[in-house]
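Student: Hi, I am new to this one and would like to go through it slowly. Could you put it up and tell me how to read it?

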Amino acid sequence: MQAPPQPAAAIVRILDALSAQHPGATTELQYRNAFELLVATILSAQCTDVRVNMVTPGLFERYSDPPSLARATPEEVEPLIRSTGFFRSKARALVGMARALTDEHAGRVPACLEQLVVLPGVGRKTANVVLGHALGVPGLPVDRHVLRVTNRLGIARGDDPVAVERQLCGALPADRWTSASDTLILHGRRICKPRPLCDRCAARADCHYRNTRPEPPGGSRATARRRTAR
Ligand code: SF4
């Protein structure tokens, strides 16, 4: 059953509860500037942040800025990023992105969604990650975790990342967009997994998914009720 839409006040309350459960949630990618975060986020497609963080120090030692990466060939980059998977297409994207930054943006990462999403290898999610974390521009990246958690909670509907981004941005002040995404991603990784750990979830009282599913016999909700009744 699809969740009825939560009112904006409930969305804020739910995000408050999840933020308290995951204080300081932020991207786990390691970076020193917008260029490094852009590279790391491109590499994180179909790869863990831990693996990306193992690869990027060597990559950044060799190619420390857009011009140096722009002078490389994809074949030179491939061995440095091989363990992140899809390394041939990622190497092409990285070099193409660096050449575009060098040729069209004076070697800088533009602080503009429309200019970021036309760079090779950069989609809307990657652009929002970089905007929100490294460029001080509000952005709300939507990944599979955000889609799963928000639909279960009923704070967004649908599996279209752009539509979910718009719903969340419409309900939250801009200065909460990036932290809301970070919190939802962390919650999806640690608690609201494909098999969710609802009893450990700070937002369970407001969760459509949890509250519309039959409880397993002797489940913790029954246990909690018995404890309350004592
Ligand atoms: S109560 Fe369960 S399904 Fe709902 S958000 Fe929390 S972990 Fe996910």
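Tutor: Let us begin with a definition: a residue is buried if 20 or more other C-beta atoms lie within 10 Å of its own, exposed if 12 or fewer, and partly exposed in between, with the C-beta atoms placed from the backbone. This is a predicted model, in which local features need pLDDT of at least 70 and side-chain atom pairs count only at pLDDT 80 or more, while totals for chains, interfaces and linings use all residues. Residues are numbered from 1 along each chain as its sequence is written.

Student: How many helices and strands are there in the protein?

Tutor: The protein has 13 helices and zero strands, where helices (H or I, at least four residues) and strands (E, at least two) are DSSP runs numbered from the N terminus. The C-alpha atoms fill a box of roughly 70 × 35 × 30 Å along the principal axes, and buried residues make up 40% of the 230 residues.

Student: What share of the contacts joins residues at least 24 apart?

Tutor: Among contacts between residues at least 6 apart in sequence, the share is 62%; two residues are in contact if their C-beta atoms, placed from the backbone, lie within 7 Å.

Student: Okay, which residues have the most contacts inside the largest nonpolar core?

Tutor: They are L37, L38, V39, I42, L94, M97 and V130, in a core of 34 residues. The elements that give two or more residues to this core are α2 (34-43), α3 (49-62), α5 (74-81), α6 (87-104) and α8 (124-134). Apart from it lies another core, of 26 residues, among them L153, C198, C201 and C207. A nonpolar core here is a set of buried Ala, Val, Leu, Ile, Met, Phe, Trp, Tyr and Cys residues joined through C-beta atoms within 7 Å.

Student: And what does L94 touch?

Tutor: Leaving out residues up to four places away in sequence, L94 touches V39, I42, L69, V77 and G121. L94 is also one of the buried residues of α6, which include F87, K90, A91 and M97.

Student: How far does α6 reach?

Tutor: α6 has 18 residues and reaches 25 Å from its first C-alpha to its last, close to the 26 Å expected at 1.5 Å a residue, the expected span being 1.5 Å times one less than the number of residues. Its buried residues have a cover that includes α2, α4 (66-70) and α5.

Student: Why does L119 count as buried?

Tutor: L119 counts as buried because it has 23 C-beta neighbours inside 10 Å. L119 is in the loop between α7 and α8 and touches M97 and A100, not counting residues up to four places away in sequence.

Student: Last topic, the ligand: which residues come nearest?

Tutor: Of the 14 residues around the ligand, C192, P196, C198, C201 and C207 come nearest, a residue being near if its C-beta atom, placed from the backbone, lies within 6 Å of the molecule.

Student: Which helix gives the most to that shell?

Tutor: α9 gives the most, with three residues, and both α9 (144-153) and α12 (208-211) supply at least two each. The shell divides into 11 nonpolar, no polar and three charged residues; Ala, Val, Leu, Ile, Met, Phe, Trp, Tyr, Cys and Pro count as nonpolar, Asp, Glu, Lys and Arg as charged, and the others, Gly among them, as polar.
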